[in-house]
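The following paragraphs lead the reader through one protein structure, from particular elements to the whole. The sequence and the model are shown first.

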Amino acid sequence: MPSSSPSKVSRFSVSDDSMETMSKKYKEIISTLPKLDPPHPTYEITQYNGFWFHSSTLEASLTLSETFKAQPSDIYLCSSPKTGTTWLKALAFSIMTRDRFLDDDSTNPLLHKVPHECVPTLEVDFYSNPIALDTELPVLATHLPYACLPPTILQSNCKIIYICREPKDTFVSWWHYGKKQQETFGIESGTTLEQEFKWFHDGKSMYGPYWDHVLEYFKQSVDRPEKVFFLTYEDLKSDTMCYVKKLAEFMGKPFSKEEVNQGVVEKIVVRCNIKSLSNLEVNKNGFFDLKQWKINNSSFFRKGEVGDWKNLLTEDMAKSIDQITQEKFHSVGLKFPSEKNIKD
């Protein structure tokens, strides 16, 4: 019999007047900060604390730093965009709710909602609907760099799971995501591949520099392995079963021998793989509706392949990214698994 649902937790308490005052204050601050040059044709990107943000999510981030109340039992799924966030959300949600929703149960929210509705993203959902962060499930997500997390997350006893991806594939996934959004809504004034690549290369992509974003969390995982679990998209793809078990253990909800024998782990892996999720009707035709923009759910799902960068980047582009990756990660021993070791 499914266990009773947990009660909602209030993670911030602030009046509408205070919110309005903070919004005005932070908008003024953001107006003075460095902007992307040349400017992005579809949205404003602002630099803060060494990283680059969409201005609306930066405002939300600054407000959260003042109002957000992390709970010791919280688990935060952290990542730079397009590094496996959607997949990780689906897996984490399934792990934590497996006693409430059978994979073939029609009430399973993953069958009717995009994973981003099941696990809210702090700075995105706060800007559009703050109440979304008062979740029953103690799992939330964010793309914020470690140094920009709300202070109560850094001060609490909560856990962090961080996923990253080989930089070339990360950029290519971001490029295709942006193009899909432009096509969906008939936006003609997009940027060229060369310009987007230059921004990524120079560390001026959304939430970038990408390498610094990864390094902050990697160093925390080395210093505090009991609180920060670091994994790569490539590792998760190479042995999904193994890493789902590791995630469950880290999240405080390990699989019992009976569950393993009953194939519960396999069911979660199959339910959450990209083919299964992308074939759901909600993820083929639905929309993730936010206050500032509307996202086609299908934009969150593409190939999910390792090494797809070869179909888009030139040899020179690849070499220049690899050089930065070597310079940034070599000294700390961070490497990405070779493509030949990744299972299809």
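Helices H11 and H13 are roughly perpendicular to each other. The structure is a predicted model, and in it H11 covers residues 240-250 while H13 covers residues 264-272. Their axes lie 10 Å apart and cross at an angle of about 110°; because angles of 65 to 115 degrees count as roughly perpendicular, this pair falls in that class. On the H11 side the meeting residues are Thr240, Met241, Val244 and Lys245, and on the H13 side they are Val265, Glu266, Ile268 and Val269. In an α-helix there are 3.6 residues a turn, so residues three or four places apart point the same way.

These two helices belong to a protein with 16 helices and eight strands. Of its 344 residues, 54% are buried.

Another helix, H9, spans residues 210-223. Its 14 residues, at 1.5 Å a residue, should span 20 Å, and the C-alpha atoms at its ends are 21 Å apart, so the two values agree. Three of them, Trp211, Val214 and Leu215, are in contact with Phe329, a residue of helix H16, which runs over residues 315-329. Phe329 also touches Leu334 and Phe336, when neighbours within four places in sequence are left aside. In sequence Phe329 and Leu215 are 114 residues apart, yet their C-alpha atoms are 7.6 Å apart in space. Phe329 counts as buried because its relative accessible area is 1%.

The loop between H8 and H9 holds Tyr207, and Pro209 is found in that loop as well, with H8 covering residues 193-201. The peptide bond from Gly208 to Pro209 is cis, with omega near 10°. Tyr207 has a positive phi, near 65°. Most residues other than glycine have a negative phi, and most peptide bonds are trans. With a relative accessible area of 4%, Tyr207 is buried.

A cis peptide bond, with omega of about 0°, joins Asp37 to Pro38; Pro38 lies in the loop between helix H1 (16-31) and strand E1 (45-48). Lys82 has a positive phi near 65° and is placed in the loop between strand E3 (75-79) and helix H3 (85-96). Lys82 is buried because its relative accessible area is 15%, and the limit for that class is under 20%.

Tyr207 leads on to Phe53, since Tyr207 is one of the residues that Phe53 touches. Phe53 is part of strand E2, residues 51-54, and at 0% relative accessibility it counts as buried. Not counting residues up to four places away in sequence, the contacts of Phe53 are Glu44, Ile45, Thr46, Tyr48, Leu58, Leu144, Pro145, Cys148, Met206 and Tyr207. The C-alpha atom of Phe53 is separated by 9.0 Å from that of Lys204, a residue 151 places away along the chain.

Pro72 lies in the loop between helix H2 (55-67) and E3. Pro72 touches Asn157 and Cys158, not counting residues up to four places away in sequence. The C-alpha atoms of Pro72 and Cys158 are separated by 4.6 Å, although the two residues are 86 residues apart along the chain.

The cysteines remain to be considered. How many disulfides does the structure hold? The structure holds zero disulfides. A disulfide is a covalent bond between the sulfur atoms of two cysteines. For Cys272, the closest cysteine sulfur is that of Cys118, and at 9.8 Å it is too far for a bond. Cys272 is buried, with a relative accessible area of 0%. Cys148, one of the residues in contact with Phe53, also counts as buried, at 7% relative accessibility.

Notes
Residues are numbered from 1 along each chain as its sequence is written. This is a predicted model: local features need pLDDT of at least 70, side-chain atom pairs count only at pLDDT 80 or more; totals for chains, interfaces and linings use all residues. Side-chain values use heavy atoms; hydrogens and water are left out. Helices (H or I, at least four residues) and strands (E, at least two) are DSSP runs, numbered from the N terminus. The expected span of a helix is 1.5 Å times one less than its number of residues. A disulfide is a pair of cysteine sulfur atoms within 2.5 Å. Buried means under 20% relative accessible area, exposed over 50%, partly exposed in between (1.4 Å probe, protein chains only). Axes are lines fitted to C-alpha atoms, for helices over the stretch in contact, and angles run from 0 to 180 degrees between N-to-C directions. Angles under 35 degrees count as roughly parallel, over 145 as roughly antiparallel, 65 to 115 as roughly perpendicular and the rest as oblique. Contact means heavy atoms within 4.5 Å.
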